[in-house]
Amino acid sequence: PISAQVSAVPQPGRFCYTLDNNVLTTEQRQFYEDNGYLLIKKLVSDEDIERFRKEFIRICKKEVNPLGAMIMKDESLKSQYGQSEKVVNKVQDFQEDEELFRYCTLPEVLKYVECFTGRNIMAMHTMLINKLPDSDKQTFLHPMHQDLHYFPFRPAARIVCSWTAMERADEDNGCLIVQPGTHKLPLKPHGYPKWEGKANKLFHGLLDEDEKSPRVHTVMEKGDTVFFHPLLIHGSGVNKTAGFRKSISCHFASSECYYIDVKNTIQEHLEKEMLEMVRKKYKLTSVELRDLWNLRARLVQGERINL
């Protein structure tokens, strides 16, 4: 992509969430400024998506075991289906799996990412989601939330999520739901929803949700990609079908972003929960939140500055 020389500080003037270059039209920039998300049709090829799907199946079957990846499963289905895609609902932190990590380096994706982050781009958080059919025992509904709740780095305007549908996503199989314009709100308190049934680990949601706020169901075809701001309130619905709804995503940030200390903030309880999980999993006595992000973060373009 052709870059203007941009700094990682929001530009004063008309646009504060997008940067000057020749990729986005003025209308696209204005839409993102107003709404906090932008959908690009047919961005990722069928061939690439097929490769990601095959690698996901290999991970489910334990043919590959990516270093540091968190494989999330519906344990209640394990006895029925064993180790298969019918059980795994998410592969998180796939940055050491070269095949899946290719997603984060696709030139067609980075061309758009650069419009939000600038030239120096870090891949910070990776996920392949396999939304299983909902059941009486378990829901894969993700409560409405802001992704910045999970991130101890700023500024928020230089972070963007790229989320690609690996097959059609609609209201039936639990597509993304966004609340346009909520990226202009501050970070709100999050926690576990008070649902009947089981809440998924770290699936935090807004504690004080505005039910009246307008919502948009982002219906997407295979290869469509939505880019959205980390403060945009979003979630995903129930999968009412018998099939799976797969998507692949990465949160990118400018390497000029910087870490913040979340102690004594509304993010402190999340830090405790994450560190507890990691200490247990890897039998570590001392680990800092920043260490976790340093392990996840990989440079994909330009130079590494702060992150």
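Q: Where does V216 lie, and what makes that stretch a strand?
A: V216 lies in strand β11 (residues 216-217). Strands here are DSSP runs of E with at least two residues, helices are runs of H or I with at least four, and both are numbered from the N terminus. This is a predicted model, where local features need pLDDT of at least 70, side-chain atom pairs count only at pLDDT 80 or more, and totals for chains, interfaces and linings use all residues. Residues are numbered from 1 along each chain as its sequence is written, and side-chain values use heavy atoms, leaving out hydrogens and water.

Q: Why is V216 called partly exposed?
A: Its relative accessible area is 30%. Buried means under 20%, exposed over 50%, and partly exposed in between (1.4 Å probe, protein chains only), so V216 lands in the middle class.

Q: What does V216 touch, leaving aside its neighbours within four places in sequence?
A: V216 is in contact (heavy atoms within 4.5 Å) with Y37, L176, I177, V178 and P180. P180 is 36 residues away along the chain, with 7.3 Å between the two C-alpha atoms.

Q: What makes F153 and W293 an edge-to-face pair?
A: Rings of Phe, Tyr and Trp (its six-membered ring) pair if their centres lie within 6.5 Å; planes under 30 degrees apart are stacked, over 60 edge-to-face, and the rest tilted. F153 and W293 have ring centres 5.3 Å apart and planes at 80°, so edge-to-face it is. The pair links distant parts of the chain, with F153 in strand β6 (residues 153-154) and W293 in helix α7 (residues 289-296), 140 residues apart.

Q: How do you know whether F153 and W293 are buried or exposed?
A: F153 has 0% relative accessibility, so it counts as buried. W293 sits at 1%, so it counts as buried too.

Q: What does F153 form with Y259?
A: An edge-to-face pair, at 6.2 Å centre to centre and 90° between the planes. Y259 is in strand β15 (residues 258-259), so this pair ties F153 to a part 106 residues apart in sequence. By the ring rule, the count comes to nine aromatic pairs. Elsewhere, Y32, Y112, F116 and F227 form one aromatic cluster.

Q: What makes R296 count as lying over the face of W293?
A: A charge sits over a ring if NZ of Lys or CZ of Arg is within 6 Å of the ring centre and within 35 degrees of the ring normal. R296 is at 4.4 Å from the ring centre of W293 and lies over its face. R298 does likewise over F101, at 4.1 Å.

Q: Why is helix α5 called largely enclosed?
A: Eight of the 11 residues of α5 (residues 107-117) are buried, so the rest of the structure largely encloses this helix. Among them are Y112 and F116. After α5 comes G118, with a positive phi near 90°.

Q: How is the packing of helices α2 and α4 described?
A: Helix α2 (residues 46-60) and helix α4 (residues 98-105) pack at about 145°, with axes 9 Å apart. Axes are lines fitted to C-alpha atoms over the stretch in contact, and angles run from 0 to 180 degrees between N-to-C directions. D48, R51, F52, E55 and I59 of α2 meet E99, L100, R102 and Y103 of α4.
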